[in-house]
Amino acid sequence: MQKDADYGFSDNDDFNELIDFIKIHGRQRRYSKGESLDLVDTEAGFVIDGRVGVYFKKNDKFIDYAFYGMPIMEYEKMQAKHPFYYRIESDVIIVKLPIAKLFDPSIVQKSNNGLAFISVIYSIIERLSAAFEVRHGGNGYSAIKELIELYQQEEKVSQGLASYILKRTCLSNGYVFRILAILKERNYIEMEQGRLKKIMHPLPDKI
């Protein structure tokens, strides 16, 4: 699985210490595809292996897969404040930990574990909410541009570029194919059998 999905956390010492802490003090659980996370309000689950999809609540559109160590929760009051939910899409391993343990002075040797956890949560909400705005804020080309660049960074992509974009947006088939055709015609991208082979030149901000 992706280590940090370009969130930049896995190279951060505080984040690594947080993950080491939850592995020691948490409870590891293996889930099967389609199974409920069954997290209670007072605990967080940290994704260690496998694919947990993150989706928009409003239209069930896919955003991304959870990165290594990403904390996920099903606390209703917190969930109501952001527009996404989680879905288990393969066999996964999640470490479950009561959130209070991150702030318990009797077991926490370094007080920055709790601060690192809060920082990661806010960063996730900010980044995924920003993705929501870009892909559903009315500027279809901006969404396509962002997703072409994300597609290029994917290590293993099991679908063509158009399908990749359509799965993550509310854009029509005709619009997506038309924009891709223009970018290909103008030599911005090179495609082969529906897949992006190379971005030839930096994509324009407008088209």
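Buried means under 20% relative accessible area, exposed over 50%, and partly exposed in between, with a 1.4 Å probe and protein chains only. This is a predicted model, in which local features need pLDDT of at least 70 and side-chain atom pairs count only at pLDDT 80 or more, while totals for chains, interfaces and linings use all residues. Residues are numbered from 1 along each chain as its sequence is written, and side-chain values use heavy atoms, with hydrogens and water left out.

**Exercise 1.** Determine how strand 2 is enclosed and which strands it pairs with.

Solution. Strands (E, at least two residues) and helices (H or I, at least four) are DSSP runs numbered from the N terminus. Six of the seven residues of strand 2, residues 43–49, are buried, so this strand is largely enclosed by the rest of the structure. Next, take pairing, for which DSSP must find at least two bridges between two strands. Strand 2 pairs with strand 7 (residues 92–98) in the antiparallel sense over six bridges, and A44 has L97 as its bridge partner there. Strand 5 (residues 71–72) also runs antiparallel to strand 2, joined by two bridges, with I72 opposite G45.

**Exercise 2.** Describe how helix 4 and helix 5 cross, and name the residues that make the contact.

Solution. The axes of helix 4 (residues 140–153) and helix 5 (residues 161–168), lines fitted to C-alpha atoms over the stretch in contact, come within 10 Å and cross at roughly 125°. The contact (heavy atoms within 4.5 Å) is made by I144, L147, I148, L150 and Y151 of helix 4 with L161, Y164, I165 and R168 of helix 5.

Definitions and conventions
Axes fitted to C-alpha atoms, helices over the stretch in contact; angles between N-to-C directions.
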